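Hello,

Here is the structure you were waiting for. My notes follow below it.

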Amino acid sequence: ARPGVRVRSGTSKEALSEMYPEGELWFEEQITDHFSVGAGVPTSGMEVWRQRFFANATWFASEDAPVFLCVGGEGPALEARVVQDGGLHCGHMVDMAREVGALVLALEHRFYGKSMPRPDFSNKSLALLSSEQALGDLAYFHEHATHLYGLTSKNKWVTFGGSYPGMLAGWARLKLPHLIHAAVASSAPVSAEADMAGYNDVVAKSLANPHVGGSEACLEAVTASFESLGARLDSEAGQRSLEGTFNVCEAGSLGEEENWQGFSEEFWGLFPLQDNDPSCSEPLCDYNRICDMAETSGSDDPLNLLVGLYRTKRGEDCLDVRRSEFVARLQDASNPERTWLWQTCTEFGFYQTCNPGSKCPFMTKPFVSTLDASLRLCSDVFGIPGAVTKSRITFSNLMYGGVNPQGSRVLYVNGEVDPWSANSIRDSISVSLPVVWVQGASHHFWTHPSKPSDDENIVAARQKITDQVELWLLTGAYAT
């Protein structure tokens with residue numbers, strides 16, 4: 001990425017595109033620990049590492065054009081397409097960039113994808129993984145890109161992201177208002193919480209939502225199916241029957257209660273909890289198709305709904321439900337699955353429980369999807385006590401403001417059938433911290449590349465986002 005090279009003001013967009021083409025680039029001197037002095041690299045006095053980013057200057061039209069930054073997160077590793085069509089998190093951002101002539105950048109999050117400050121995922125390495133460090137990366141990258149592309153204060157930066165990247169996008173504006181002009185925080189669960197019962201409450205509402213093909217009958221059928229699952233777990237004969245029906249890998253696994261949570265939660269994944277897409281083409285891939293099956297099956301045994309879903313979507317492969325094997329896999333310091341779990345244990349919680357008396361449509365009896373079970377995983381994998389996790393969750397909300405942040409020019413966008421909306425900002429705080437609510441939409445669906453099949457509510461939401469961003473770029477309204 002030619003660190004240290006400054007593009008002189010007035011360089012044409014054609015020259016920029018030639019010098020810094022679309023594709024994989026590297027920021028060679030990102031700071032490893034923004035909050036302490038490291039062992040030292042002679043030129044900087046601090047330990048540094050290589051952070052991956054992507055750039056597209058194709059539409060960068062003028063000296064005062066904006067900079068659109070797609071914030072990386074815990075999702076699939078970034079690819080070059082993120083600055084071409086935006087991928088799942090920044091598709092609409094790229095569409096807007098074409099319209100307003102923005103420089104498009106995307107920065108990969110530390111410890112996700114190829115951006116590795118350390119070579120493994122041990123506890124010692126993951127001590128460098130946090131949202132605060134990620135915001136430090138954004139700040140230092142801002143300085144790097146400013147020099148690299150010859151940017152000035154006229155080039156207003158706007159951050160974009162969905163889910164955890166949406167959290168970071170919003171926090172970047174709130175914590176770094178001198179660097180970031182505005183932000184679009186899509187499906188951003190900014191309120192950290194240990195017992196996230198609201199997640200499955202939204203799932204229940206989605207199963208009953210006619211806009212996405214749901215109904216009360218569908219919700220009742222799903223609930224009854226999980227009640228039947230739980231009833232069978234309570235007897236040895238029922239356990240043996242379930243092991244045969246769902247091809248459990250090791251006979252007798254369901255005789256151990258510690259395996260019941262993983263077994264029952266395996267069936268949550270049969271539902272489009274975060275990715276409901278009415279235009280999907282696979283069998284039983286959205287709420288409409290699942291609810292149609294649930295309402296018309298007419299079976300005397302409610303469990304047959306889960307059996308049909310499981311065999312259609314998972315086939316005949318055996319199902320390993322052993323918690324001991326799951327924990328052992330996560331204890332492996334080379335396993336990248338440890339990263340997001342680490343952030344839940346040290347910052348956010350977000351443990352999706354299914355508590356008796358809640359609206360959760362899944363298995364509440366036996367009660368196995370508990371907060372204590374999730375906290376125990378932090379202890380078993382990382383040695384982090386539950387009390388520490390809870391204190392870190394409290395700190396996160398104190399650090400960032402939870403659902404009551406102070407600041408300006410952050411747009412929060414949420415979907416009606418997105419369970420993460422339970423912990424997001426759903427009502428406008430002020431004219432400078434507005435909200436767009438998208439009826440029938442799943443997890444940041446409006447950030448995906450546009451398709452002709454997109455619901456009219458998705459199209460309208462994108463227009464509202466465009467209007468708000470353009471207003472903030474033109475007027476600089478509501479400045480802090």
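Helix 14 has these buried residues: Leu-371, Ala-373, Ser-374, Leu-375, Leu-377, Cys-378, Val-381 and Phe-382. Buried means under 20% relative accessible area, exposed over 50%, and partly exposed in between, with a 1.4 Å probe and protein chains only. Helices (H or I, at least four residues) and strands (E, at least two) are DSSP runs, numbered from the N terminus. Helix 14 has 12 residues and reaches 17 Å from its first C-alpha to its last, close to the 16 Å expected at 1.5 Å a residue. That expected span is 1.5 Å times one less than the number of residues. Just after helix 14, Gly-383 takes a positive phi of about 75°.

Before you go further: this is a predicted model, where local features need pLDDT of at least 70, side-chain atom pairs count only at pLDDT 80 or more, and totals for chains, interfaces and linings use all residues. Residues are numbered from 1 along each chain as its sequence is written, and side-chain values use heavy atoms, with hydrogens and water left out.

Helix 5

Helix 5 covers residues 164-175. Its 12 residues reach 16 Å between the first and last C-alpha, close to the expected 16 Å. Because 11 of the 12 residues are buried, helix 5 is largely enclosed by the rest of the structure. Among the buried ones are Tyr-164, Met-167, Trp-171 and Arg-173.

Cores

A nonpolar core is a set of buried Ala, Val, Leu, Ile, Met, Phe, Trp, Tyr and Cys residues joined through side-chain atoms within 4.5 Å. The largest one holds 110 residues. Which of them touch the most other members? They are Leu-105, Phe-226, Leu-229, Phe-263, Phe-271 and Phe-362. Leu-105 has contacts (heavy atoms within 4.5 Å) that include Phe-54, Val-67, Met-93, Phe-141, Tyr-149 and Trp-157, leaving aside residues up to four places away in sequence. A second, separate core has 32 residues, including Trp-59, Phe-160, Val-413 and Ile-465.

Cavities

There are 2 cavities of 30 Å³ or more. The search runs on a 1 Å grid over the protein atoms alone. A cavity is a set of points where a 1.4 Å probe fits but cannot get out; a pocket is an open set with protein on both sides within 12 Å along at least five of seven lines; lining residues have an atom within 4 Å of a point. Grid points are joined across faces, edges and corners, and a volume is the space filled by probe spheres set on the points.

The largest cavity holds about 70 Å³ of space. Helix 2 (87-100), strand 5 (157-162) and strand 6 (182-186) each give two or more residues to its lining. Helix 2 has the largest share, with 5 residues. The lining of the largest cavity has 7 nonpolar, 5 polar and no charged residues. Ala, Val, Leu, Ile, Met, Phe, Trp, Tyr, Cys and Pro count as nonpolar, Asp, Glu, Lys and Arg as charged, and the others, Gly among them, as polar.

The second largest cavity has a volume of about 40 Å³. Helix 4 (residues 131-148) gives the most to its lining, with 3 residues. This lining has 5 nonpolar, 3 polar and 2 charged residues. Glu-108, Asp-137 and Leu-168 are among the residues there.

Of its 17 lining residues, Pro-76, Ala-77, Leu-78, Leu-88 and His-89 are the closest to the centre. Helix 2 gives the most to this lining, with 3 residues. By class, the pocket lining has 8 nonpolar, 6 polar and 3 charged residues.

Backbone points to check on screen

- Lys-365 and Pro-366 are joined by a cis peptide bond, with omega about -5°. Pro-366 sits in the loop between strand 8 (349-351) and helix 14.
- Phe-111 is not a glycine, yet has a positive phi of about 75°. Phe-111 is buried, at 2% relative accessible area.
- Arg-409 also is not a glycine and has a positive phi, near 55°. Arg-409 counts as buried, at 5% relative accessibility.
- Gly-440 lies in the loop between strand 10 (435-438) and helix 16 (456-475). Gly-440 and Ser-206 are 234 residues apart in sequence, but 8.4 Å apart in space, C-alpha to C-alpha.

Best wishes
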